[in-house]
Amino acid sequence: MTQQPQPYTNGHSQNLKRVVVTGGLGYIGSHVVVSLLLTGQYQPIVIENCHNSYPEALNRCAEIARDELGPDAPQPILHNVDLRDAEAVEDVFTQYDTKGGIWAVIHLAALKAVGESGEIPLSYYRVNVGGSVSLFESMAKHNVQNLVFSSSATVYGTPEIIPIPETSPLLPASCYGRTKAMVEEIIQDLCRVQKKDGQGSLRAVSVRYFNPAGAHPSGKLGEEPRGKPGNLLPLLAQMAIGREKSQLKIFGTDFPTPDGTCVRDYLHIMDLAHGHVLALDALAVPTTQKNIFSHCDAENGSFRSFNLGKGKGMSVLNMIDAMRKATGYDYQYEIVGRRRGDVPDLTADPTLAEKELGFVASRNLEEMCRDLWNFQTKHPNGYGNV
């Protein structure tokens, strides 16, 4: 199923760069889509199977773009396609060959729960790795040379250095983390390929994001998974609004952290989404000019990785307290054993991303919780009843 966009009539539609966004209806993906639209430079072509998302999210992206840019704002296109269906993925790319083609891909689509990945590992490898291979085959066939890969801090496993620099070895401790690390390896191999037909080789940026939180400040767009949320903050929001009735569980209080619970680097979803756009902008710099690949050698190819985080860790108990202040809800919780694959501390060192991409996660924890609660109170029953 394809959703056609509203016509873009301000006379500059031919100048828009088409960017395929896989998983573009999900939490991170939808905020990336709206950030792309708000630049006025990109047209998102969303590939999504709606496994854990709702098409309504794309309507909200389009609405926000019109609110901020006017009625002639660029609009997204939706292709209801599963990346595991190689023929369907190929068909999406073929549709744009006669219209100027696809300029770049932002690849976010993946199964993403650490705990679940240990329970159904084959599904994670089939979706996250197998789906990526289908996508990369279509990119190669249609000479799409620019890629932003939405990776994860879980690729670092239990790092020796905190905050974590990009030079830390990739030693993932979970099945989910291993799938992300594998896809990074595949991408780097593709970037090393020396083309003999005169076409350029792949240029790719892997953004290793930490823990996104919050929602679009308008309250129109936020985290709305199907079923019970797998992430802490949306679970807390749904508990406070009365949608989630289950007992809150804390998985381990014996980690080597200040309060014994896991520490994570939370950043506002709009800061994270902007980081993806900055990575895409970096790919647009011509090879004839100094760019982020200028110092890459043949061994590494045109591949770079950057951490997207605030550089400040917050524990599970810190986050519960912050949401208690934002919502006024008195959370009660049960302490249970650790989950397989959880590591004590994942806090980013974002210095490199700031230096080379201009990335700064400027919004604070209070804003994250405020915007999340604003979205949740405006959508007490979620997108599903829209």
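Modeller: Glu224 is buried, with a relative accessible area of 6% (buried means under 20% relative accessible area, exposed over 50%, and partly exposed in between, with a 1.4 Å probe and protein chains only). This is a predicted model, in which local features need pLDDT of at least 70 and side-chain atom pairs count only at pLDDT 80 or more, while totals for chains, interfaces and linings use all residues. Residues are numbered from 1 along each chain as its sequence is written, and side-chain values use heavy atoms, with hydrogens and water left out.

Glu224 forms a salt bridge with Arg243, their closest N and O atoms being 2.9 Å apart; the term denotes a side-chain nitrogen of Lys or Arg within 4 Å of a carboxyl oxygen of Asp or Glu. This pair links distant parts of the chain, 19 residues apart: Glu224 lies in the loop between S8 and H7, and Arg243 in the loop between H7 and strand S9 (248-251). Here helices (H or I, at least four residues) and strands (E, at least two) are DSSP runs, numbered from the N terminus. Arg243 is partly exposed, with a relative accessible area of 28%.

The loop between strand S8 (211-213) and helix H7 (232-241) also holds Lys220. Lys220 forms a salt bridge with Asp67, with 2.4 Å between the closest N and O atoms. Asp67 belongs to helix H2 (residues 56-69), so the pair ties together parts that are 153 residues apart in sequence. Lys220 is partly exposed, at a relative accessible area of 22%. In total, the structure holds 16 salt bridges.
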